[in-house]
2 protein chains.
Amino acid sequence: MKGKVQPKTLPGFMELLPNEQILFNKMKEIIQKSYEKYGFLPLDTPIIEDANVLLAKAGGETEKQIYKLKKGESDLALRFDLTVPLAKYVTEYYDKLSFPFKRYQIGKVYRGEKPQRGRYREFYQCDVDIIGDGELSIINDAEIPSIIYNTFKKLGFDDFTICINNRKILNGLFSSLELDDASSEILRIIDKIEKIGKDSVKKELLISIPEKKVDIIMKFLAIKGENEEKIQALESMEIDNETFKEGVEEIKEVSKFIKIFGVPKENYKIDLTIARGLDYYTGTVYETFLNQYKNLGSICSGGRYDNLAEYYTERKMPGVGISIGLSRLFFQLIDNNIISANEESIVDILIISMADDYEMCAKIAAKLREEDINVQINIEQQKLGKKFKYANNINARYVIIIGEDEIKNNVLTLKDMSSGEQNTVTLDETIKIVKKTKNKD
Amino acid sequence: MKGKVQPKTLPGFMELLPNEQILFNKMKEIIQKSYEKYGFLPLDTPIIEDANVLLAKAGGETEKQIYKLKKGESDLALRFDLTVPLAKYVTEYYDKLSFPFKRYQIGKVYRGEKPQRGRYREFYQCDVDIIGDGELSIINDAEIPSIIYNTFKKLGFDDFTICINNRKILNGLFSSLELDDASSEILRIIDKIEKIGKDSVKKELLISIPEKKVDIIMKFLAIKGENEEKIQALESMEIDNETFKEGVEEIKEVSKFIKIFGVPKENYKIDLTIARGLDYYTGTVYETFLNQYKNLGSICSGGRYDNLAEYYTERKMPGVGISIGLSRLFFQLIDNNIISANEESIVDILIISMADDYEMCAKIAAKLREEDINVQINIEQQKLGKKFKYANNINARYVIIIGEDEIKNNVLTLKDMSSGEQNTVTLDETIKIVKKTKNKD
């Protein structure tokens with residue numbers, strides 16, 4: 001290609017073929033409608049922000065991954081999550097909002113990570129957060145799993161578990177053992193329990209922690225059973241620490257209300273080992289797993305935080321929220337054949353013209369569209385075989401063929417592309433048939 | 001705010017309050033559904049592209065406005081429209097697509113223009129394009145105004161006009177007068193005809209063009225009447241130029257089929273003065289005006305181009321498409337009080353708890369959501385007045401109040417927020433009432 005620029009999408013940037021995009025958009029819409037059912041209001045903050053605003057809180061790994069740019073004198077940056085823009089938003093528009101402020105945002109965020117299979121530099125996050133002004137009832141923490149449950153049900157999943165924990169339990173436990181300073185390190189070790197087993201965890205803990213304390217941690221990690229049994233076990237540990245007690249009270253209240261909000265027992269459980277990062281969350285934390293595909297990791301996570309906007313305001317704004325990383329989730333679901341885009345379509349009917357007279361095509365297309373049927377017409381000079389290949393490529397559900405005979409007799413040839421059945425019908429019959437199929441979806 | 005970062009959205013970046021965002025999203029969804037009704041398939045290309053790919057075609061003003069960034073060794077840039085990414089896409093995935101390729105894309109684009117009232121640096125474009133492989137029937141050019149018509153009808157507008165012209169007519173005319181080289185300059189002068197009047201246009205043209213030729217141009221500009229009369233007048237000019245003749249044939253075919261596609265006569269007209277920029281379009285061009293708000297400028301524009309991807313491939317890909325600049329349009333419609341977001345809501349019911357027992361709130365919320373009703377609950381420790389202020393702020397349609405009496409008697413107090421009417425009802429009655437209101441929308 002002499003003198004031409006090679007057109008190439010950047011590595012780490014998801015770009016889908018139309019059929020995949022239809023499925024992706026369908027999932028995005030289900031998530032949106034599901035968030036709206038819980039009364040969350042939409043936001044759409046800019047992708048570019050003032051670098052100082054965006055990086056007020058960042059540091060370490062995050063800061064390295066950020067896309068920065070300059071325009072004139074200004075230092076700009078692309079958002080790397082939807083939480084920092086939310087903190088900016090509630091502080092900036094505080095006087096115009098009512099609290100608790102419930103918002104959802106579905107949008108792209110940017111992280112210049114090393115590109116890996118299934119890891120994107122531009123990816124969608126789908127977030128809901130409830131932000132209180134000064135305080136926020138713990139019942140909100142119980143409503144969140146109900147959102148997760150309903151969203152993934154609507155996405156077509158049944159066999160998933162929402163795992164719930166409370167950071168105060170872990171923090172209180174460590175504090176009661178006078179291990180506050182070691183808590184990050186302990187959590188890091190505990191986090192490996194599924195991978196390396198209990199004994200190895202104990203061995204690692206013993207390197208820097210006295211045996212008596214390690215025994216209490218191991219007793220804590222050994223807590224098993226139904227949610228109620230776990231709560232009882234926590235209470236019977238008789239840890240004399242206010243934070244620990246608060247955490248137990250909170251998880252008790254949350255697990256009571258999750259049930260009332262209608263989440264079936266088999267879809268949630270208390271899991272005392274999950275911690276969700278180290279600094280951000282301060283109370284309830286959530287992770288969600290597809291039981292048959294645990295290797296995918298958590299597909300929806302989040303938690304409670306004490307102070308959303310501390311870098312912008314003295315006002316205390318506690319919040320609780322979750323995020324679905326849709327781009328990565330979509331990739332994983334496709335990659336593991338859990339979902340498939342092969343059948344996806346938005347074209348109900350493709351009208352194929354095999355005559356030189358296109359008036360009937362245009363008229364029929366207009367009539368069908370009035371009936372809310374999605375119609376494409378193909379009036380190009382192509383052979384019938386090529387036109388049917390086209391119909392297959394766009395997954396058209398029906399094809400209408402209009403040739404000389406059809407024009408003469410004012411009828412249509414309607415082909416059902418999934419059954420292959422082909423009939424001569426009137427326009428009214430076509431409308432009825434197609435609408436019937438559409439309503440089945 | 002000692003030690004705090006001032007949270008501030010960048011100038012030129014649209015950020016809406018929730019009620020406005022609901023209306024914005026509603027318009028975006030109407031446009032999307034309308035594009036899908038014509039069978040256009042969705043695309044969602046990355047916002048960041050390789051700078052060399054994105055700028056293959058750019059130059060001049062556009063290039064200056066582009067947001068460029070570096071990440072590691074790579075020169076990156078943010079897309080400034082959705083057409084260049086489309087050209088990249090059809091070239092990159094040529095083998096996996098079927099042509100004519102019909103796609104829509106609705107997404108943000110970036111131009112670092114000087115911020116002005118109503119001009120944004122980050123803004124939504126809503127594009128449809130039909131891309132042919134080698135050739136593309138002129139009937140497609142007639143389907144486009146039908147898309148414009150149906151989209152703006154669905155958006156709630158009646159009194160608008162789609163203006164159609166064909167660049168070949170103008171180019172052919174200038175060529176027949178041996179004024180090819182002056183054509184940009186002539187178009188620039190003609191473009192001012194509405195503003196400065198015919199006489200001034202003539203005077204300006206006479207500065208550099210012989211009177212005999214100016215007379216022909218003025219005769220052309222004087223063409224008036226219904227579409228058919230204009231076409232006849234063009235034919236009777238007897239311009240001996242192939243391009244001109246082609247243009248007249250094309251506009252004749254387009255205006256015949258626009259009618260067949262169902263666009264009412266009062267919503268389109270041939271306007272021989274519109275040209276839509278100078279380099280890009282090669283055939284049919286479109287502009288759309290709200291007749292009562294012509295000062296807003298064209299609210300939907302586009303046209304036919306010969307060669308979409310010439311910077312990437314030797315393949316000839318003609319196309320035709322339009323774009324709605326939704327962010328700017330939204331701003332203008334709000335600013336001129338043509339639309340208002342005051343009544344917008346997605347919350348059907350706000351449940352307000354006035355008792356310490358929240359179980360009934362949670363139960364009722366779960367039941368209502370099962371019925372596809374959007375429900376928020378407010379269980380915060382706030383006074384009733386504050387909770388109703390909240391209900392007003394989020395434009396909740398109904399409020400359910402649950403106090404000690406309601407819990408005791410297993411009933412609800414339902415308040416219709418628009419009429420102010422308040423009744424004691426059962427849950428089943430509530431569902432019926434709210435669904436009835438919802439279906440009216």
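Strand 6 of chain A provides the largest share of the lining of the second largest cavity, namely 3 residues, where strands (E, at least two residues) and helices (H or I, at least four) are DSSP runs numbered from the N terminus. The model is predicted, so that local features need pLDDT of at least 70 and side-chain atom pairs count only at pLDDT 80 or more, whereas totals for chains, interfaces and linings use all residues. Residues are numbered from 1 along each chain as its sequence is written, chains are lettered from A and ligands numbered from 1 in the order in which they are written, and side-chain values use heavy atoms, with hydrogens and water left out.

A cavity here is a set of points, on a 1 Å grid over the protein atoms alone, where a 1.4 Å probe fits but cannot get out, and its lining residues have an atom within 4 Å of a point. The search of the whole structure finds 2 cavities of 30 Å³ or more, a volume being the space filled by probe spheres set on the points, which are joined across faces, edges and corners. The second largest cavity holds about 80 Å³, and its lining includes Phe123(A) and Tyr124(A) together with Asp44(B). The largest cavity has a volume of about 90 Å³, and among the residues that line it are Asp44(A), Phe123(B) and Tyr124(B). Strand 6 of chain B gives the most to this lining of the largest cavity, with 3 residues.

Two sheets complete the tour, with strands counted as paired if DSSP finds at least two bridges between them. In chain B, 3 strands form an open, antiparallel sheet in the order 2-4-3, whose edge strands are strand 2 (48–50) and strand 3 (68–71). Strand 2 of chain B pairs with strand 4 (residues 74–78) over 3 bridges, and Glu49(B) has Ala77(B) as its bridge partner. In chain A, an open sheet of 5 strands has the order 13-12-14-15-16 with mixed pairing. Strand 12 (residues 349–353) and strand 14 (residues 398–402) of chain A run parallel, joined by 5 bridges, and Ser353(A) stands opposite Ile402(A).

Definitions and conventions: On a 1 Å grid over the protein atoms alone, a cavity is a set of points where a 1.4 Å probe fits but cannot get out, and a pocket is an open set with protein on both sides within 12 Å along at least five of seven lines; lining residues have an atom within 4 Å of a point.
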